[in-house]
Amino acid sequence: MGEVDLAFIQEQEHRPKLSIIEAEGIPLIDLSILNETQDANSSGIDDLVKEIGSACEKWGFFQVINHGVPLDKREKIFDASRKFFAQPLEEKRKIKRDEVNVLGYYDTEHTKNVRDWKEVFDYTVENPTIVPASHDDDKETTEWYNQWPKYPSELRETMEEYAKEMVKLSYKLMELIAQSLGLVGHRFSGFFKDHTSFMRLNHYPPCPAPHLALGVGRHKDGGALTVLAQDDVGGLEVKRKSDGEWIRVKPTPNAYIINVGDIVQVWSNEKYESVEHRVMVNSEKQRFSIPFFFNPAYDTIVKPLEELTTEKTPPKYKPYQWGKFLINRKRSNFMKLKAENIQIAHFRV
Ligand SMILES: O=C(O)CCC(=O)C(=O)O
Ligand SMILES: [Fe+2]
């Protein structure tokens with residue numbers, strides 16, 4: 001990624017401003033109460049649930065601290081990621097993702113038809129992960145397998161261990177989100193048996209034209225929940241709901257950035273929205289981030305929950321099958337770039 005190819009250049013209106021707004025407004029939520037004994041603090045839990053609900057409503061984004069993920073596991077995966085991406089391109093391309101095997105290394109991802117200034121490594125938590133074989137067949141399934149790099153040798157175990165922590169934290173967060181919607185805590189858990197969640201290692205190399213290109217172009221996450229670890233460089237920007245301004249998420253040591261994805265938007269019948277975000281790059285510093293995308297099982301039919309719809313507030317979405325949505329998103333990178341990605345807006349009533 002030496003000089004800036006035209007493929008990376010954003011349209012004028014989507015270019016980042018170099019004057020950054022770092023808002024205090026994105027809530028920082030302390031989860032330590034979850035690690036304490038249950039009965040002693042039910043009022044504390046109620047407050048936490050309220051905090052989460054209001055963050056989801058106002059921002060669609062929040063950060064969590066005292067989340068219970070061991071710091072050494074986080075440090076280990078960032079180390080392994082640095083080592084992996086520091087290798088020559090030929091080495092990384094040995095586990096290149098392609099149309100058949102959608103997991104592995106990739107350095108030509110496009111968001112809305114503009115190339116992203118980044119390289120990634122994807123792996124799923126369930127190995128293999130079961131997904132539909134095609135868009136139009138309801139029965140046939142296929143399996144996605146992880147491709148593991150040889151170097152660094154500890155990478156596979158480190159990543160598998162870390163993924164388990166992400167799953168654990170995501171279940172806790174989905175429970176709080178369910179409660180904040182007035183539902184029973186385990187309301188969502190059934191959807192995540194045989195989940196299709198995946199992890200991504202992101203590397204954003206220094207970019208000579210940070211005012212023209214983006215690390216990831218503006219987008220919304222298609223899954224249920226995203227749990228992101230970023231390093232101390234910063235670059236993630238969130239579109240503020242109140243005025244549409246792009247707001248930088250300030251790196252907080254050891255925190256996780258949480259955002260609700262499109263599926264929560266549909267389940268909640270738009271009480272919570274999946275908010276647009278993007279990543280700015282930097283001319284001096286490289287940046288690493290590690291998102292975890294918590295996704296339900298492939299055969300989940302996503303639709304507004306009955307408890308949250310009434311005659312007066314009918315469902316705003318038609319049901320769709322998550323697995324078909326997922327394979328469409330994953331494959332669109334290999335098809336003609338002009339085709340629009342599948343969006344939940346296509347299912348809007
Ligand atoms: O690197 C980041 O901070 C965010 C990346 C992101 O939004 C994504 O991969 O969906
Ligand atoms: Fe994202």
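Q: How many bridges join strand 10 to strand 15?
A: There are 2 bridges, and strands 10 and 15 run antiparallel. Strands here are DSSP runs of E of at least two residues, and helices are runs of H or I of at least four, both numbered from the N terminus. Two strands count as paired if DSSP finds at least two bridges between them.

Q: What kind of model is it, and what needs pLDDT of at least 70?
A: It is a predicted model, in which local features need pLDDT of at least 70 and side-chain atom pairs count only at pLDDT 80 or more, while totals for chains, interfaces and linings use all residues. Residues are numbered from 1 along each chain as its sequence is written, while chains are lettered from A and ligands numbered from 1 in the order in which they are written.

Q: Back to strand 15. What is the bridge partner of V216 there?
A: V279.

Q: Which sheet is that in, and what is the strand order?
A: An open sheet of 4 strands, ordered 10-15-12-13, with antiparallel pairing. Strand 10 (216-219) and strand 13 (246-248) are the edge strands, each pairing on one side only. The twist from one strand to the next averages 20°, where angles run from 0 to 180 degrees between N-to-C directions, and axes are lines fitted to C-alpha atoms, for helices over the stretch in contact.

Q: Which residues are around ligand 1?
A: R200, N202, V216, D221, L228, Q230, L236, H277, V279, S289 and P291. The test is a C-beta atom, placed from the backbone, within 6 Å of the molecule. Strand 9 (198-204), strand 11 (225-230), strand 15 (277-279) and strand 16 (287-294) each give two or more residues to that shell.

Q: How many of the shell are nonpolar, polar and charged?
A: The shell has 5 nonpolar, 4 polar and 2 charged residues. Ala, Val, Leu, Ile, Met, Phe, Trp, Tyr, Cys and Pro count as nonpolar, Asp, Glu, Lys and Arg as charged, and the others, Gly among them, as polar.

Q: What does UniProt put on residues 195-296?
A: The unreviewed entry has the annotation "domain: Fe2OG dioxygenase" for residues 195-296. UniProt positions are given in the numbering used here, feature names are shortened, and annotations may be inferred rather than shown by experiment. In the model, the end C-alpha atoms of that span lie 5 Å apart, and the span is 6% helix and 39% strand.

Q: What about the sheet of 8 strands, what order?
A: The order is 1-2-14-11-16-9-6-3, in an open sheet with mixed pairing. Its edge strands are strand 1 (28-30) and strand 3 (104-106), each pairing on one side only. Strand 3 runs antiparallel to strand 6, joined by 3 bridges, and Y106 stands opposite V120 in strand 6.

Q: Helices now. At what angle do helix 2 and helix 4 pack?
A: About 140°, with the axes of helix 2 (residues 71-85) and helix 4 (residues 155-180) 9 Å apart. That makes helix 2 oblique to helix 4, because angles under 35 degrees count as roughly parallel, over 145 as roughly antiparallel, 65 to 115 as roughly perpendicular and the rest as oblique.

Q: Which peptide bond to P128 is cis, and what is omega?
A: The bond from N127 to P128, with omega near 5°. P128 is in the loop between strand 6 (119-124) and strand 7 (129-132). The bond from Y151 to P152 is cis, with omega near -10°.
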